[in-house]
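Please read it alongside the sequence and the coordinates.

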Amino acid sequence: MKIRFNGKEIDAQQGDTIASALYRNGQRIFSRSFKYHRPRGLLCCSGKCPNCMMNVDGTPNIRTCVTPARDGLEIKHQNAYPSLDTDWLSLSQRFDWLMPVGWYYKTFTHPAIWHAAEPWIRKAAGLGELLPAKSAEYEHSWMHAATAVIGGGASGIAAALAAAGAGESVVLVDDQTELGGKRRYRKDQTYRESIAKLASLPNVKMLHGSYCFGLYEGNLLGVLQARPHPGAAERLVHLRARRVVVATGAFETPLLFRNNDLPGVMLSSAAQRLYRLHGIIAGSRAAVVGDPTRIEEIEADLEEAGVSVVARILPGDVIEAVGNSSVTAIRARDGTFPCDWIVVCGPLVPDAGLAAQGGAKLIWNEERGAFLPANLPSGISVAGSASGEGLSASTRPLPKGKRTFVCICADVSSQDLCDGVSEGFDHIETLKRYTTATMGPCQGRMCQLNAIGICARESGRNVAETGVTTSRPPNPSVTLGALAGARHHPIRRTPMHYAHEELGAVWMDMGDWKRPRYYRTSTSSVEHDCVQDEYWAVRKGVGVIDVSTLGKLEVRGLDAGLLLDKIYTHRFSDLRPGRVRYALMCDESGVILDDGTISRLSGDRYFVTTTTGNLDFVNQWLEWYAIGTGWDVQITNVTGGYGAMNIAGPKAREVLANLASCDLSTVEFPYMACKEAQVAGVPAILLRIGFVGETGWEIHCPAESAEQVWRAILEAGRSSAIQPFGVEAQRLLRLEKRHVIIGVDTDALTNPYEAGMSWTTKLDKPDFVGKAELSRAVNSPPREMLVGFVLPGKDVPADGSAIVSAGRPAGRVTSSRYSPFRQAVIGLAWVSPGKAEEGVNIQVRVNGNLASASVTMQAFYDQDGARLRQ
Amino acid sequence: MSFLLRCPNCGERSVYEFRFGGEITQRPALDAPAADWVAYRFHRVNVAGLQTEWWFHRSGCRQWLQARRNTISNEVVETYLPGGKSS
């Protein structure tokens, strides 16, 4: 197996992690520290500390000590220049007096100073770099279990076996490459039998190499599975369990002495891991630091490995580790001992963060020297060392010093913490925020206990009173890619989508929908030219547009009219079958929410259209208002079931007449009428309405036949030069008719009176949503009014441009286009009520200048609607 | 927020399948004073404790339901279809 490290090919063995392969190939410095760029080597070897983070295949901050080596992996170091072994920025240590604790707050007191310094600091400090070209696949999955066991050590395995034996479905999550926890690197390997048994049970699922990063409400566990299959970088598993067993064990933490971060200083569990799992002996002459009982445990392993132990030192007796970029000696109270390896038997800390996230309290236990979970909520239990089982308090000296590192993630020394407390941050939570200790990638795993100890001593409290910082997910950190999941956005295509594509559609997004913005022609793909062609086709000949994205609801029942009367401002119970009416919906504040048309197809059957984006909410509202009324009414969302198109223009009738089974004459099929008839042999609902201002029909037909109808219309219209038109031409056409678009020309405060649509509200109805407020509004002076304006010339003001009066903003443009019909710029704007009169001059801001426009309360085109009714 | 809600039609589901519909309130009479309408539209009790509220099962049966939920712990005490308690 070969991996590449900084471009150099190196060998890796089966079972190697990236870090073990690098170590075997002579790498000793694995990273450079956050602030001072101090060399850092392997410390925990279990994915708990920040020391081995590298860029792996383009993904930064990967803990290489728990990431299996794989053929062809591309590994790069981080945060060091030019190399890990020689990092020029390590000179910054000499200037540590410039960077005392809280130096951000003390130094960058003015935005100008910060803005000048920020780019340099960002470059110098920090972790890995995110490469923009990075492409990785992430996915999500959902799992359910009666019991979820987090941690695959001895107690986790036992808990899983017990639950599985009782017939429960079990999911076991373990963050290492293999189950076994600390048994894996002990001599006694009998635990493997229970793993084999567990693997044979059909009701047990195991997630290997998976971090549980959070326990959320309802026993939802966030689990990050690394490389679930070769096609995916990471998978986020949403694991829901009735019962959660936290068996996350305990991890070893560093001891404090000067230069305790020097490469070659290693936790005893890391030494064991390297030796037992990877066959690596990390030194030949070791000094062991720890309490005598702990030293005994590790000494046997060192002896077996043939390491000579040059010194056994009590934690309180260590003064410093000696060496520049690796350990050369250890200086203690009773002398200096040359060595190439310092094995630290540090205090064991129960990994009980998940239990705390689940609602448990962490209470200090003096005897076990740890914060232990208590007051566990039902459904959560803690097993093994995570509960404090088998732990005993060990010596934990807390010397003060500038090179005595408590937080190795952010280079916070014990001196810094003491200074923080003396500056007034004497509460563990404020001290944490001020110094950033416990806030790095290890999330306090390595430093929390020491930080609490120092805070307690310096503030004159005991550890129990000082307490512990809050454990919050995600911990450990999660890639944003994994949270975001697979990179596919749902797309809705109308039934005629591929026909549009053939016609050269240029797409635009409308919510999830794809709609043709305009169609390229054989002679031009310039938007302006194409839209002009489409526009003139509708005004002078015939055009057709896909309006399938409209929300479509069928409202049926004897009392359907009553419900519509209640929701919409207009009256619908008196609408004659075969007729269509414009429908406007307000909320209880009288604010316009949505509009559409309502057609009464028969006595108890209404066909309701909504705007594209509001369908879901209108549907829910109708359902909600029907509750408790006892009315006979059923609401069915038929949006996906129907395709729809609008054929419009002076020649629309003659084109459609070739296909429709009904009489389309104005006498038989007048404006605002509806019929059910066949179009091109397909049963359809035809509505004679005119959003674009010409004679036209909106045709709704079953989605599966919509493309057939669309093609038939284009074919039938060929001799009339029919033109498919897109959203842009439609917007121009409707603007000339002064038809408003809800949400574009109206906002969250607009009522129908201000929008000039008072004709839609029937205050004589017994009740409807918004009536109470609209009854007041009708007699109150309007806040502002929506008016049309005509602006000579061709410069179109941008949407939102200001209307200016006496040098002050006095309104805004909501929509504006150049009108080919008026040969001037037209638009809609909100102005003060005093300006809402025909012919009044207003000043519109266009391209930075003021232009004089004239207000109109009329449509810009076909003011009396004669063309519409033809 | 990741608690479970029991839909009377579909059973226990993740809260992400639902749309929150707000506190259950009483619509004032049409001729009620304007202040009552303002309160109905904008004022919420925002109780810290048990609250009766609306939910819409958007990704399920698409029905409105009512629930009693502790707003501090997000413990859902009961859910039922409007007008009828489930139990």
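Helix α9(A) passes helix α11(A) in a right-handed crossing. The model is a predicted one.

- The axes of α9 (residues 414–422) and α11 (residues 448–459) of chain A come within 9 Å and cross at roughly 40 degrees.
- An angle under 35 degrees would count as roughly parallel; α9(A) and α11(A) are therefore oblique to each other.
- On the α9(A) side the contact is made by A:S414, A:L417, A:C418 and A:V421, which meet A:A451, A:I454, A:C455, A:E458 and A:S459 in α11(A).
- By class, the residues of this contact between α9(A) and α11(A) are six nonpolar, two polar and one charged.
- Helix α10 (residues 428–435) of chain A has A:I428, A:L431, A:K432, A:Y434 and A:T435 buried.
- These buried residues of α10(A) pack against α9 and α11, and also against β27 (412–413) and α12 (463–466) of chain A.
- Just after α10(A), A:T436 has a positive phi of about 65 degrees.

**Helices α15 and α20 of chain A**

- Helix α15 (residues 527–540) and helix α20 (residues 727–736) of chain A cross at roughly 55 degrees, and their axes come within 9 Å.
- With that angle, α15(A) and α20(A) are therefore oblique to each other.
- The crossing of α15(A) past α20(A) is right-handed.
- From α15(A), the residues in the contact are A:E527, A:V531, A:E534, A:Y535 and A:V538; from α20(A), they are A:E728, A:A729, A:L732 and A:L733.
- Six of the residues in the contact of α15(A) with α20(A) are nonpolar and three are charged, with no polar ones.

**Helices α4 and α5 of chain A**

- Helix α4 (residues 154–165) and helix α5 (residues 192–200) of chain A pack at an angle of about 35 degrees, and their axes are 10 Å apart.
- The crossing of α4(A) and α5(A) is left-handed.
- The contact draws A:I157, A:A160 and A:L161 from α4(A), and A:S194, A:I195, A:K197 and A:L198 from α5(A).
- The contact of α4(A) with α5(A) divides into five nonpolar residues, one polar and one charged.

- Strand β36 (residues 642–648) of chain A pairs with β30(A) in the antiparallel sense over four bridges.
- Strand β40 (residues 723–724) of chain A runs parallel to β30(A) and is joined to β30(A) by two bridges.
- A:V544 has bridge partners in both neighbours: A:I647 in β36(A) and A:P724 in β40(A).

**The sheet β18-β19-β20 of chain A**

- Three strands of chain A form an open antiparallel sheet in the order β18-β19-β20.
- Its edge strands, each pairing on one side only, are β18 (318–322) and β20 (335–338) of chain A.
- On average, neighbouring strands of this sheet are turned by 15 degrees against each other, direction ignored.

**Residue A:Q272**

- A:Q272 lies in helix α6 (residues 268–278) of chain A.
- A:Q272 is buried because 24 other C-beta atoms lie within 10 Å, and the cut-off for buried is 20 or more.
- Leaving aside neighbours within four places in sequence, A:Q272 is in contact with A:Y185, A:I298 and A:D301.
- The C-alpha atoms of A:Q272 and A:A282 are 9.8 Å apart in space, and the two residues are ten apart in sequence.

Definitions and conventions. Residues numbered from 1 in each chain as written. Chains lettered and ligands numbered in written order. Predicted model: local features only at pLDDT ≥ 70, side-chain atom pairs only at ≥ 80, totals over all residues. Axes fitted to C-alpha atoms, helices over the stretch in contact; angles between N-to-C directions. Parallel < 35°, antiparallel > 145°, perpendicular 65-115°, else oblique. Left-handed = near helix turned anticlockwise from the far one by under 90°. Contact = placed C-beta atoms within 7 Å. Nonpolar A, V, L, I, M, F, W, Y, C, P; charged D, E, K, R; others polar. Pairing = 2+ DSSP bridges. Buried ≥ 20, exposed ≤ 12 C-beta atoms within 10 Å, placed from the backbone.
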